[in-house]
Amino acid sequence: MGILQRNYLAVSQGKAGIKLEDDPIGPESALVAERELRETPERIRESCEQLRALMKEHRLVFREDDDFLLTFLRPTKYYSHSALDLMRRIVEFRIKNASVLHGLIPKDEEDGFLNNRVVNVLRDRDQHGRRIMVIQCGADWNPRTVKTDQLFRMLYLIHLAAIQEPETQVKGAIIIMDFHGMSMTQATHCMNLTFVARLLTFIQDAMPLRLKQVHIVKQPFIFQIVWNVFKPFIREKLRNRLFFHGSKMSSLHKFIEPNYLPEDYGGSRPKIDYSSADWFPVLNEIEEDIKEWSSFGYLPEGQPGNAETAQDSPS
């Protein structure tokens, strides 16, 4: 085990380990960024300049500092036109889904985070330095308490936290979807077509995050019904990153080494003793950033460019 891997294992001991890691990337991650994302100091400078010019041309208002623009340039491998397209899709997704996203702040979903165990982020990254999010889609999810719209908003807030981590921007994230104990109650809500379309459009078109893998675990026979609803909406890129393991944790361990997983998933780390309630204060700390994210949009004709004058539709 290398020094880097040991560091990831040591990131969190106890509740104190639950925090955003907003430090700049280190030398090892810089090598990954160069190899996988074409990131170099010169390309950062050039691509940020190009993207700022494109934003002005298309009257698109986001923050313009280099650090912020990396949020969009890293997942698009520093192709400035692709980064612009991503930014536009993000704004257009928010417009289309204003009924669930308008004015969203963490406090709006306080009950979901504090009193339910539907979503969680593991304190430890995997062996490649990727964040791991766990979504409980089975018995731990009561759809009457956390409706699908609420679940989506919680996931949306978590992604706004994740993209603030330079390490996660470079290394990406993986998702474990745990279907243990799923009944028709959960399955019926999972098959809500509005929810399915919204979630998959977000993941595939409007999420500025490198989603590396999605692992389906502990799924019962009834899951096949849910999968048949989701499948037509899943494009090839995401389909190639989906893996089904059932109850065989040894299958999951081919992708995530057990040294980086909790006992809940056959790993050697302690059983999960924390929840989204412990992450909720982290989201509250970035409330102003979340509000700012909601302010980005298109600039009305004849007005100077800033987030205060941005509107939600192109002129």
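# Cavities and selected residues in a predicted model

The lining of the largest cavity is made up of 40 nonpolar, 3 polar and 2 charged residues. Here Ala, Val, Leu, Ile, Met, Phe, Trp, Tyr, Cys and Pro count as nonpolar, Asp, Glu, Lys and Arg as charged, and the others, Gly among them, as polar. The model is predicted, so local features need pLDDT of at least 70 and side-chain atom pairs count only at pLDDT 80 or more, while totals for chains, interfaces and linings use all residues. Residues are numbered from 1 along each chain as its sequence is written, and side-chain values use heavy atoms, with hydrogens and water left out.

## Confidence and annotation

pLDDT is the predictor's confidence in each residue, from 0 to 100. Its mean over the protein is 92, with 90% of the residues at 70 or more. Residues 1-14 have pLDDT below 50, and this stretch makes 27 contacts in the model beyond near neighbours in sequence. A contact means heavy atoms within 4.5 Å.

An unreviewed UniProt entry lists residues 110-273 as "domain: CRAL-TRIO". UniProt positions follow the numbering used here, feature names are shortened, and annotations may be inferred rather than shown by experiment. The span 110-273 is 38% helix and 16% strand, and its end C-alpha atoms lie 19 Å apart. Helices (H or I, at least four residues) and strands (E, at least two) are DSSP runs numbered from the N terminus.

## Cavities

Rolling a probe the size of a water molecule over the atoms shows where empty space is left. A cavity is a set of points, on a 1 Å grid over the protein atoms alone, where a 1.4 Å probe fits but cannot get out; lining residues have an atom within 4 Å of a point. Grid points are joined across faces, edges and corners, and a volume is the space filled by probe spheres set on the points.

By this definition the structure has 4 cavities of 30 Å³ or more. The largest cavity holds about 700 Å³ of space. It is lined by 45 residues, and Met-133, Ile-135, Leu-155, Ile-175 and Ile-203 are the closest to its centre. Two or more lining residues come from each of strands E2 (119-121), E3 (131-136), E4 (173-178) and E5 (211-217), and from each of helices H8 (148-162), H11 (193-205), H12 (223-230) and H15 (276-285). Helix H8 gives the most to this lining, with 6 residues.

The second largest cavity has a volume of about 90 Å³. Its lining consists of Leu-122, Arg-123, Asp-124, Tyr-260, Leu-261, Pro-262, Arg-269, Pro-270, Lys-271 and Tyr-274. These residues divide into 6 nonpolar, no polar and 4 charged.

## Residues in helices

Burial is given as relative accessible area for a 1.4 Å probe and protein chains only: buried is under 20%, exposed over 50%, and partly exposed in between.

Ile-158 is part of helix H8 and counts as buried because its relative accessibility is 14%.

Thr-201 belongs to helix H11. At 33% relative accessibility, Thr-201 is classed as partly exposed. With neighbours within four places in sequence set aside, Thr-201 contacts Phe-93 and Ala-206.

Ala-53 sits in helix H3 (residues 41-57) and is partly exposed, at 47% relative accessible area. Lys-291, in helix H16 (residues 287-295), is partly exposed at 38%.

The table gives C-alpha separations for these residues.

| Pair | Separation along the chain | C-alpha distance |
|---|---|---|
| Thr-201 and Ile-234 | 33 residues | 9.1 Å |
| Lys-291 and Pro-106 | 185 residues | 9.9 Å |
| Ile-158 and Leu-101 | 57 residues | 13 Å |
| Ala-53 and Met-207 | 154 residues | 22 Å |

## Positive phi in loops

Most residues other than glycine have a negative phi. Lys-77, although not a glycine, has a positive phi of about 55°. Lys-77 is placed in the loop between helix H4 (66-73) and helix H5 (80-96), and its relative accessibility of 39% makes it partly exposed.

Lys-218, also not a glycine, has a positive phi of about 55°. The loop between E5 and H12 contains Lys-218. With a relative accessible area of 23%, Lys-218 is partly exposed. Both flanking elements, E5 and H12, are among those that give two or more residues to the lining of the largest cavity.

How values were computed
1 Å grid on protein atoms, 1.4 Å probe; cavity = no way out; pocket = protein on both sides within 12 Å on 5 of 7 lines; lining within 4 Å.
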